[in-house]
Amino acid sequence: MKLEKMPIRVKCDNGCCGNYAEFQVVRQGTPAAARLRLCRSCLKELSSLYGELLSTEVTDVGTNMGNGD
Ligand SMILES: [Zn+2]
């Protein structure tokens, strides 16, 4: 999965956000039209929300991460 700059001008996919998307998630097997496209503001906020979530989660996540199987 890669994060790329948007080559075209489309709206951010995050609900009613009115900004234009600046980045898109390029994922193998996902058609261009179905890519997740986000503006810088939403991507930044999501990233910080995820960081907060990680810091409040318990450190022992068991084997659900799939990195040992
Ligand atoms: Zn947005």
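**Close-up views of a predicted model**

**View 1. Confidence along the chain.** The chain has a mean pLDDT of 90, and 84% of its residues reach 70 or more. pLDDT is the predictor's confidence in each residue, from 0 to 100. This is a predicted model: local features need pLDDT of at least 70, side-chain atom pairs count only at 80 or more, and totals for chains, interfaces and linings use all residues. Numbering starts from 1 along each chain as its sequence is written. Helices (H or I, at least four residues) and strands (E, at least two) are DSSP runs, numbered from the N terminus. Where pLDDT is low, the predicted coordinates should not be read in detail.

**View 2. The open sheet.** Three strands line up in the order β1-β2-β3, with antiparallel pairing. Two strands pair if DSSP finds at least two bridges between them. β1 (2-5) and β3 are the edge strands, each with a single partner, so one side of each has no neighbour in the sheet. Neighbouring strands are turned by 30 degrees against each other on average, direction ignored.

**View 3. Strands β2 and β3.** β2 (residues 23-26) and β3 run antiparallel, joined by 3 bridges. V25 has L36 of β3 as its bridge partner.

**View 4. Around E22.** E22 lies in the loop between β1 and β2. It counts as partly exposed because it has 16 C-beta neighbours inside 10 Å (buried: 20 or more; exposed: 12 or fewer; partly exposed: in between; C-beta atoms placed from the backbone). Beyond its neighbours within four places in sequence, E22 contacts K5, M6, C39 and R40 (contact: C-beta atoms, placed from the backbone, within 7 Å). E22 and C42 are 20 residues apart in sequence, and 9.9 Å apart in space, C-alpha to C-alpha.

Definitions and conventions. Axes fitted to C-alpha atoms, helices over the stretch in contact; angles between N-to-C directions. Contact = placed C-beta atoms within 7 Å.
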